[in-house]
Amino acid sequence: MALLKASLWLALPLVAFVSWQARGHHAFSAEFDKEAPVSLEGAVTKVEWINPHAWIHLAVIDDDGTSVAWMVEGGTPNTLLRSGIHKNSLPIGSEIKVRGYQAKDKTCVPACKANGRDLTFADGRKVFMGSSGTGAPRDGADPRER
Amino acid sequence: MNQAIYNFAVWLDTHGWSTALHESFYLYNWIETTHVLTLMFSLGLLFLIDLRMLGLALPGIPAGDLARRLHLPMLLGFSIMLITGLLLFYAIPVRTAQSLWFRMKVVLMVAAAINAWCFHHSMTTAGTGWDTARKAPPALQWGAGLSLCFWMLIVVFGRLIAYDWFDCRTGPPEPFATLSGCINEQTHY
């Protein structure tokens with residue numbers, strides 16, 4: 001009984017913390033803005049093929065012709081491989097289209113940041129690049145989503 | 001100091017193994033999972049001991065007995081937790097070394113280690129007269145309480161390393177920039 005009581009007291013702050021976190025388990029709603037969908041077209045400038053989240057950097061030419069640096073977060077390298085994106089499929093300079101959601105932090109330093117949902121290659125092939133169950137909107141980007 | 005930590009992290013980052021781990025398809029995920037599983041195992045045992053000292057758990061079991069019997073499995077879990085933790089740092093050294101959360105976590109881990117040493121010392125000098133009492137002597141109760149606080153904060157700060165709040169890349173205001181040791185974050189996560 002004492003153990004039960006003690007665990008309850010210990011669990012309370014943890015539960016409070018977890019439920020606060022659950023609003024944005026890494027990383028969607030903690031870092032990204034579901035009200036700010038973006039559709040980016042540009043050339044790949046760099047790919048960070050890293051855990052726990054890969055980053056694809058691209059140069060997007062905006063309406064008045066200036067190049068804006070964007071970095072788009074994907075799932076783990078493993079997630080991306082499973083959905084059909086690997087090192088050789090994203091050579092530097094290749095044109096891609098990424099749909100996703102911009103970060104809450106819109107200062108764009110050192111690059112505008114977004115969470116990627118799906119990626120379309122130059123040949124029209126479209127693949128899912130996020131990881132599900134992290135609070136990202138159910139926008140149909142994930143083919144496994146139900 | 002910050003420069004020395006930074007230089008060390010950059011040196012680790014030049015290792016092929018560090019990059020391999022950072023870019024791995026499975027190993028990083030397995031290491032991270034093992035880190036969290038052993039955390040639950042060893043802290044679960046530690047919390048039982050601490051709560052028993054405070055008179056909040058397992059009142060029927062002699063306190064010293066409980067501590068001695070759970071000691072070995074707890075240390076085994078701790079060792080695996082420490083090794084996997086070091087590997088996680090090794091995979092992403094430059095960003096992690098400049099993370100405010102990670103730095104606070106390390107300071108607390110040092111505090112928890114000193115506290116554990118003092119706790120162990122008080123237990124050996126306290127004899128066994130209190131073993132069946134509901135609560136341990138005050139020194140041990142303080143140690144147990146501090147241990148609970150330290151480790152809960154360590155877990156929370158460890159989790160927060162994953163978020164980019166106060167990341168050097170976002171240009172945090174002083175004193176956070178100095179406390180995080182912002183020099184050049186280089187990699188993200």
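This is a predicted model: local features need pLDDT of at least 70, side-chain atom pairs count only at pLDDT 80 or more; totals for chains, interfaces and linings use all residues.
View 1. Starting at the N terminus, the elements of chain A follow the order α-α-β-β-β-α-β-β-β. That gives three helices and six strands. Of its 146 residues, 47% count as buried. If you take contacts in chain A between residues at least 6 apart in sequence, 56% of them join residues at least 24 apart. What does the outside look like? Chain A exposes about 7,600 Å², and carbon and sulfur atoms supply 59% of that.

**View 2. Strand β2 of chain A and its two partners.** Strand β2(A) covers residues 55-61 and is mostly covered, with five of its seven residues buried. One partner is β1(A), residues 32-48, which pairs with β2(A) in the antiparallel sense over six bridges. Look for A43(A) facing its bridge partner A59(A) in β2(A). These two strands make a hairpin, with six residues between them. The other partner is β3(A), residues 67-73, which runs antiparallel to β2(A) and is joined to it by seven bridges. Here H57(A) has M71(A) in β3(A) as its bridge partner. β2(A) and β3(A) also form a hairpin, this one with five residues between the strands, and G65(A) in it takes a positive phi near 85°.

View 3. N51(A) sits in the loop between β1 and β2 of chain A. Is N51(A) buried or exposed? It is buried, with a relative accessible area of 0%. Its side chain reaches the backbone oxygen of S24(B) at 2.7 Å.

**View 4. Salt bridges around strand β1 of chain A.** Over all chains, the whole structure holds seven salt bridges. One of them links D33(A) to K106(A), whose closest N and O atoms are 3.0 Å apart. D33(A) is in strand β1 and K106(A) is in the loop between β4 (95-103) and β5 (112-120), so the pair ties together parts of chain A that are 73 residues apart in sequence. At 19% relative accessibility D33(A) counts as buried, while K106(A), at 40%, counts as partly exposed. A further salt bridge brings together the side chains of K34(A) and E35(A), at 3.1 Å from N to O. E35(A) counts as exposed, at 61% relative accessibility.

**View 5. A salt bridge from chain A to chain B.** Which residues meet here, N to O at 3.2 Å? They are K87(A) and E23(B), through their side chains. The pair crosses between chains: K87(A) is in the loop between α3 (77-83) and β4 of chain A, and E23(B) is in the loop between α2 and α3 of chain B. E23(B) is partly exposed, with a relative accessible area of 25%. Elsewhere, R95(B), D167(B) and R169(B) are joined into one network by salt bridges that share partners.

**View 6. S18(B), tucked into helix α2 of chain B.** S18(B) belongs to helix α2 of chain B, residues 16-22. It is buried, at 0% relative accessible area. A polar atom of its side chain lies 2.7 Å from the backbone oxygen of Y90(B). Setting aside residues up to four places away in sequence, S18(B) touches L12(B), D13(B), Y90(B), A91(B) and P93(B).

View 7. L81(A), F25(B), Y26(B), L27(B) and W30(B) make a nonpolar surface patch of about 500 Å². F25(B) is placed in the loop between α2 and α3 (27-53) of chain B. With a relative accessible area of 30%, F25(B) is partly exposed.

Terms used
Residues are numbered from 1 along each chain as its sequence is written. Chains are lettered from A and ligands numbered from 1 in the order in which they are written. Side-chain values use heavy atoms; hydrogens and water are left out. Helices (H or I, at least four residues) and strands (E, at least two) are DSSP runs, numbered from the N terminus. Buried means under 20% relative accessible area, exposed over 50%, partly exposed in between (1.4 Å probe, protein chains only). A polar contact is a pair of N or O atoms within 3.5 Å; within protein, one must be able to donate a hydrogen and the other to accept it, and residues adjacent in sequence count only if both atoms are side-chain atoms. Contact means heavy atoms within 4.5 Å. Patches are made of residues with over 30% relative accessible area and no salt bridge: like charges are joined within 9 Å, nonpolar side chains (Val, Leu, Ile, Met, Phe, Trp, Tyr) within 5 Å. Accessible areas come from the Shrake-Rupley method with a 1.4 Å probe; for residues, only the protein chains shown count as cover. A salt bridge is a side-chain nitrogen of Lys or Arg within 4 Å of a carboxyl oxygen of Asp or Glu. Two strands pair if DSSP finds at least two bridges between them.
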